[in-house]
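Please open the model in your viewer and keep the sequence panel beside it.

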Amino acid sequence: MTKKQKWHDDYWLLLMQIYLRKPAGVKPLYSRDMVKLGLELHIHPQVLATKMQQIDAIETPRIERIWLTYYDNPRKLTRAARLLREMKGFGRADEFYDGVEVNETWERDWQPIDGQQQLTPVALTLVLDLYFRLTPATMVKATPEVQELARLIGITADEVATLLDVFKCCDPYLKRRHVTTSPLLEPCQAIWQRYGNDDSEKLAVLAEQLKEYYR
């Protein structure tokens, strides 16, 4: 399901703040700042990324005025952004839907899975990408790629190995007779249904983008 969102001119200030953070320039689509702002505004990071490209190109008179007003005065920009956030009703999605169609479910991908504070659907997506890069024999905590991903997303190598084992139960090609009772099976199955039967190269591209959030 999708809703339509309206872009408000005041949002340029918040996006400009991110653009000017060192190193100044266009930020990766799923960088932490872009995701956090997207969640705050209820606007998909893809929409923010398109708007940030417009900032970079100074495409409109409105953007040019923002550049002239704030580029050399970051304190003034900080005050203006703070005042905007203090406005009554700021960030209330229901008031602003009108314009760009986006997938409503994207915000849930960044929210913790029940009972798993460090795990989100995004983290599971990265584990699934790793699953397709390894063989079953290497899906263990001693494997360097397992340890690397564990460090990146902030969990242990044991936990990554456990998730890889759960994904084995989702893999129709393995035809495993053993069915895990792990509470993670359902969320892992949901991620498998979204990406597991598609082109693994598409998943690899997405995973590389998502990793920016953790870097």
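The tour begins with the whole chain.

This is a predicted model, in which local features need pLDDT of at least 70 and side-chain atom pairs count only at pLDDT 80 or more, while totals for chains, interfaces and linings use all residues. Residues are numbered from 1 along each chain as its sequence is written, and side-chain values use heavy atoms, with hydrogens and water left out.

Select the chain and colour it by secondary structure: there are 11 helices and two strands, taken as DSSP runs (helices H or I, at least four residues; strands E, at least two) and numbered from the N terminus. Of the 215 residues, 47% count as buried, that is, under 20% relative accessible area with a 1.4 Å probe, protein chains only.

Next, select α7 (121-131) and α8 (144-153), whose axes come within 11 Å and cross at roughly 165°; the axes are lines fitted to C-alpha atoms over the stretch in contact, and angles run from 0 to 180 degrees between N-to-C directions. That makes α7 roughly antiparallel to α8, a term used for angles over 145 degrees. Show side chains for A123, L126, V127 and L130 of α7 and for E145, V146, L149 and I153 of α8, which make the contact (heavy atoms within 4.5 Å).

Finally, which residues does T143 touch, not counting residues up to four places away in sequence? Select T143, in the loop between α7 and α8, and you will find L134 and T138 touching it; T143 counts as buried because its relative accessibility is 9%.

Definitions and conventions: Buried < 20%, exposed > 50% of the residue type's maximum accessible area, 1.4 Å probe, protein only. Parallel < 35°, antiparallel > 145°, perpendicular 65-115°, else oblique.
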